[in-house]
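User: Please examine the structure shown below and discuss selected local features in question-and-answer form.

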Amino acid sequence: MRLPLLTSRFEIGRGAGMQPPSPGKAVYYLGLGGLAVAEIIEWPVAAAIAAGTYVAQRSRPAASSSVQESQAEAARRES
């Protein structure tokens, strides 16, 4: 079916930016999933924890670089 002004294109496996998690992170996410399957925690809670962990890990380098820049600037002012 062709729709005018509507196009989409999906590319999988060509530098999509997704990398498999490290072994430690894989164990963490599998354990979290296991807790949800065993009904020790509810699945929405497990999903929220996983999403929060992912966001925190992805934003950490940007936050640490801004902290390092501010520390370097403070050191320059003290000199």
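Predicted model: local features only at pLDDT ≥ 70, side-chain atom pairs only at ≥ 80, totals over all residues.

Analyst: Residues are numbered from 1 along each chain as its sequence is written, and side-chain values use heavy atoms, with hydrogens and water left out.

User: Which class describes the pair formed by the rings of Tyr 28 and Tyr 29?

Analyst: Rings of Phe, Tyr and Trp (its six-membered ring) pair if their centres lie within 6.5 Å; planes under 30 degrees apart are stacked, over 60 edge-to-face, and the rest tilted. One aromatic pair is counted under this rule. Because the centres of Tyr 28 and Tyr 29 are 5.4 Å apart and their planes stand at 70°, the pair is edge-to-face.

User: Is Ile 49 buried, partly exposed or exposed?

Analyst: Ile 49 belongs to helix α2 (residues 43–78), helices being DSSP runs of H or I with at least four residues. Buried means under 20% relative accessible area, exposed over 50%, and partly exposed in between (1.4 Å probe, protein chains only). The relative accessibility of Ile 49 is 35%, so its class is partly exposed.

User: What is the relative accessible area of Glu 39?

Analyst: Glu 39 sits in the loop between α1 (23–37) and α2. Its phi is near 60°, a positive value in a residue other than glycine. Most residues other than glycine have a negative phi. Glu 39 counts as exposed because its relative accessible area is 68%.

Definitions and conventions: Helix = DSSP H or I, 4+ residues; strand = E, 2+ residues; numbered from the N terminus.
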